[in-house]
Amino acid sequence: MSKQLPTLSLADLNAGLPCCAPISEQRIPAETAVALAPAFKALGDPVRLQLMSMIASAPDGEICVCDLTPAFELSGPTISHHLKTLREAGLVDAERRGTWVYYRARPALLRQLAGLLESGGPASA
């Protein structure tokens with residue numbers, strides 16, 4: 001049986017407000033941790049992290065799966081599985097156009113994740 005993952009509030013994301021103070025400043029609420037954990041978990045895989053990087057840095061703000069697949073020595077179904085994981089975690093949006101699917105990063109969620117990891121202290125060596 002598949003577990004249903006919690007989803008982040010799109011209203012909160014679209015408002016551009018940070019979800020909470022960085023973890024270096026205070027403990028995050030349990031609800032926030034539950035909501036953001038799937039995104040961090042999805043990025044914990046090297047292939048998904050590379051895919052996310054390619055999608056987020058795409059010159060036109062989106063990239064076709066036909067441009068993602070050849071960058072890896074993995075089968076198409078394996079790449080599709082990784083992309084599905086990124087979609088389910090709320091990190092990317094996908095749009096089918098004919099036979100191809102185009103992916104776009106969700107920058108508000110990425111900013112939220114980055115803000116949570118910010119450190120207000122001096123950089124460590």
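**View 1. C64 meets β3.** The bridge partner of C64 in β3 is Y102. I63 also has a place here, standing opposite Y103 of β3. Between them, β1 (63–64) and β3 (100–105) pair in the antiparallel sense over 2 bridges. Helices and strands are DSSP runs (H or I, at least four residues, for helices; E, at least two, for strands), numbered from the N terminus. Two strands count as paired if DSSP finds at least two bridges between them. A word on the source: this is a predicted model, where local features need pLDDT of at least 70 and side-chain atom pairs count only at pLDDT 80 or more, while totals for chains, interfaces and linings use all residues. Residues are numbered from 1 along each chain as its sequence is written, and side-chain values use heavy atoms, with hydrogens and water left out.

View 2. β2 and β3 run antiparallel and are joined by 6 bridges. These two strands form a hairpin with 2 residues between them, and G98 in the turn has a positive phi of about 65°.

**View 3. R97 and the ring of Y102.** R97 has W100 of β3 as its bridge partner. The charged end of R97 sits over the ring of Y102, 4.3 Å from the ring centre. To count, NZ of Lys or CZ of Arg has to be within 6 Å of the ring centre and within 35 degrees of the ring normal.

View 4. Buried means under 20% relative accessible area, exposed means over 50%, and partly exposed is in between (1.4 Å probe, protein chains only). R104 is partly exposed, at 26% relative accessible area. Leaving out neighbours within four places in sequence, R104 has contacts (heavy atoms within 4.5 Å) that include I55, E62, D93 and E95. L91 is 13 residues from R104 in sequence, with 8.7 Å between their C-alpha atoms.

**View 5. Inside the largest nonpolar core.** This core has 28 residues, and L51, I55, L83, L86, L91 and Y103 have the most contacts inside it. Such a core is a set of buried Ala, Val, Leu, Ile, Met, Phe, Trp, Tyr and Cys residues joined through side-chain atoms within 4.5 Å. α3 gives the largest share, 4 residues. Beyond its neighbours within four places in sequence, L83 is in contact with L51, I55, V65, L68, V92 and Y103.

**View 6. T85 on α5.** T85 lies in helix α5 and is buried, with a relative accessible area of 19%. Not counting residues up to four places away in sequence, T85 touches A42 and R48.
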